[in-house]
Amino acid sequence: MIQIKNLYVDLKDFQLQDVNLAVKEGEYFIILGPTGAGKTVLLESIAGLYPIKSGEIRLRGKEVTQLEPEKRGVSIVYQDHVLFPHLSVKDNITFGLKLHKQTKQETKAALDWIVELMGISHLLNRKPDTLSGGEQQKVALARALGIRPEVLLLDEPLSALDPETREGVQKELRHLHNQLKVTTIHVTHDFEEAIALGDHIAVLGEGRIKQVGTPEQIFRQPNSEFIARFAMARNIFSGEVTGKDNGSAIFHTKGTELTVVTDLRGKLHASVRPEDILISNELLHSSARNCFGGTITHIADRGSTLYLTVNLPPDFICLVTSRSFREMELAEGKKVYITFKATAIHIF
Amino acid sequence: MTFTFILLGVVICLFIIVPLIKMIAASDPGILLDTLLDPQVISAIWLSLYAAVIATIVGFFLGVPLAYLLARTEFPGKKLLEGLIDVPIVIPHTAAGIALLFVFGRNFWAGKAFHFIGIEFVDSTAGIVIAMLFVSVPFLIDSAKEGFKKVDVRLEKVSRTLGASPWQSFLRISLPLTWRSILSGSIMMWARGISEFGAVVILAYHPMIASTLVFERFETYGLVYSRPVAVILIIICLIIFIGLRAIVHRGEKT
């Protein structure tokens, strides 16, 4: 669907170099990277909004490297939505529809379709500056999707939203993508967002693609320091959440069942921070719902703290102070217990 | 400190307001009315307003595209060009008039070319228009430029991805979002055009615009006969100026 070969973009301060990507038809593709990695520029290059020094971009096999943006069929949604401030919600959405030389009936039908899909019929006559962040986002998505683009580009779509809205929008993006199957490239600096949404993830750092793979590959075998740090700092597991009669939920991952607190169900990911895990020599009886026995398989000394890998299985990375480490006489091969609260687990 | 600043502020406000009020208040209503019915005065004021409108329209079509380029693009010598555009504001306007006369007089190719298509600049309305254009267009260009700078370039980018050509993006997104800056720049330009005397008088003493007429009456008949013309010019300009600014500001609130 999208092939990018040896793309080189000059950004004055630094360059995007040797960018090679292949995105399949209908895929939800994530570009993950820290702030300033050139993610937005990469998106704008795909949309034809950034002059390209060298390299090649193909859409459905057709070379579009120098094609004008209006002829590409690539829609973009920016982090802060960038709605046309002087136009109503309705005019924002029909802006693109009318340009696609449709008859009045076709425009109306397309408008009704997307408005219905996004559930924003009550907003049509409002001006953008009267909308909440979540509403603006929906309108921006409606405007981008209304023209039935071949590719949808999302520039940090969740970063500007507050945490409660974010979870809803994330679900919504998943849902929309499942319905429309439009090839999507989503740029983010949020590791968990990337893992939750991506069919494939490309890691971008210092203007280069560092790694491409499935979410599982990215957090199991990170080949860059940036990703390794994230993966280390999180203890990420993939698995499935099922509900129990008493309202709590169980996360099933290879070999272990964790008690978690979430309304989500199905194939998901769980993360728990190393600093939230308690290590003890004896089984603890406490209010914490998760307590497991395991063996220390690896120790990484970081000075005043140490990272221990405890294998249940799976492997949990736990943080202890060097003092605790000494006093508890921890060592590789020793059997210990790890304890953490159900609320310390983030499901995404 | 605040007190000192207020005091200094009051001094400069009085300096601006007192002469205007004094001149209007001291006028004999009878003479004012006579002046208002004087065909020479009416035609001079009309010519001032009209020529300044033409200059502003020309300035709009030539200046707004340049303002857009200056706001959106970087090129070598841009700073120099921006400085040059503001030069008409700082040079003496009689000097500006002489410079224009050199170029648009019949001894230079530009003047010859216009003569060829039937436009004369010496002692003509066209001469008044270019004199006004020269000294006042920087106000419009600067204001439009600042306006375009405030429009998020990504609005244009989104518009392009939605299928709009560069022209369509400009006409339907950038221009409507800048109209307030352009309008207020146009008002400034128009007002500056009306108030022009130095450059106009060098190029076209006749037909006479209001400021030239004030000068001639003052030279020929003295203060008493020049004042009513000046008063009427000021009142008319104030009414139109305040009216237009009110329109711009009303848009701001909504």
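Reader: How many residues of chain B are in contact with chain A, and how many of chain A with chain B?

Author: Let's start with the idea of contact: two residues are in contact if their C-beta atoms, placed from the backbone, lie within 7 Å. Here, 14 residues of chain B are in contact with 19 residues of chain A. Before we go on, note that this is a predicted model, in which local features need pLDDT of at least 70, side-chain atom pairs count only at pLDDT 80 or more, and totals for chains, interfaces and linings use all residues. Residues are numbered from 1 along each chain as its sequence is written, while chains are lettered from A and ligands numbered from 1 in the order in which they are written.

Reader: Which helix gives the most to the side of chain B that touches chain A?

Author: Helices (H or I, at least four residues) and strands (E, at least two) are DSSP runs, numbered from the N terminus. On the side of chain B that touches chain A, H9(B) gives the most, with six residues. Helix H9 (153-161) and H10 of chain B each supply at least two residues there. By class, that side of chain B has seven nonpolar, three polar and four charged residues. Ala, Val, Leu, Ile, Met, Phe, Trp, Tyr, Cys and Pro count as nonpolar, Asp, Glu, Lys and Arg as charged, and the others, Gly among them, as polar.

Reader: At what angle do the axes of H8(B) and H10(B) cross?

Author: Two packed helices are described by the angle between their axes and the distance between the axes. Axes are lines fitted to C-alpha atoms, for helices over the stretch in contact, and angles run from 0 to 180 degrees between N-to-C directions. The axes of H8 (residues 125-150) and H10 (residues 166-195) of chain B cross at roughly 155 degrees and come within 8 Å. H8(B) and H10(B) are therefore roughly antiparallel; angles under 35 degrees count as roughly parallel, over 145 as roughly antiparallel, 65 to 115 as roughly perpendicular and the rest as oblique. Among the residues making this contact are B:Met132 and B:Phe139 of H8(B), with B:Ile182 and B:Met188 of H10(B). The contact has 10 nonpolar, 10 polar and three charged residues.

Reader: In what order do the strands of the open sheet of four in chain A stand?

Author: Two strands pair if DSSP finds at least two bridges between them. The order is E2-E1-E4-E5 in chain A, with antiparallel pairing. Strands E2 (15-23) and E5 (62-63) stand at the edges with a single partner strand each, so one side of each has no neighbour in the sheet. Two bridges join E4 (residues 54-59) to E5(A), where A:Lys62 stands opposite A:Leu59. Helix H1 (residues 39-47) of chain A lies across E1 (2-10), E2 and E4, at about 120 degrees to E1(A).

Reader: How many residues lie between E16(A) and E17(A) in their hairpin?

Author: There are three, and A:Gly303 in the turn has a positive phi of about 90 degrees. E16 (residues 290-301) and E17 (residues 305-311) of chain A run antiparallel, joined by six bridges, with A:Asn311 as the bridge partner of A:Thr295. E17(A) also pairs in the antiparallel sense with E18 (residues 315-321) of chain A, over seven bridges.

Reader: Is A:Gly33 buried or exposed?

Author: A residue is buried if 20 or more other C-beta atoms lie within 10 Å of its own, exposed if 12 or fewer, and partly exposed in between. A:Gly33 is buried, with 26. A:Gly33 lies in the loop between E3 (28-32) and H1 of chain A.
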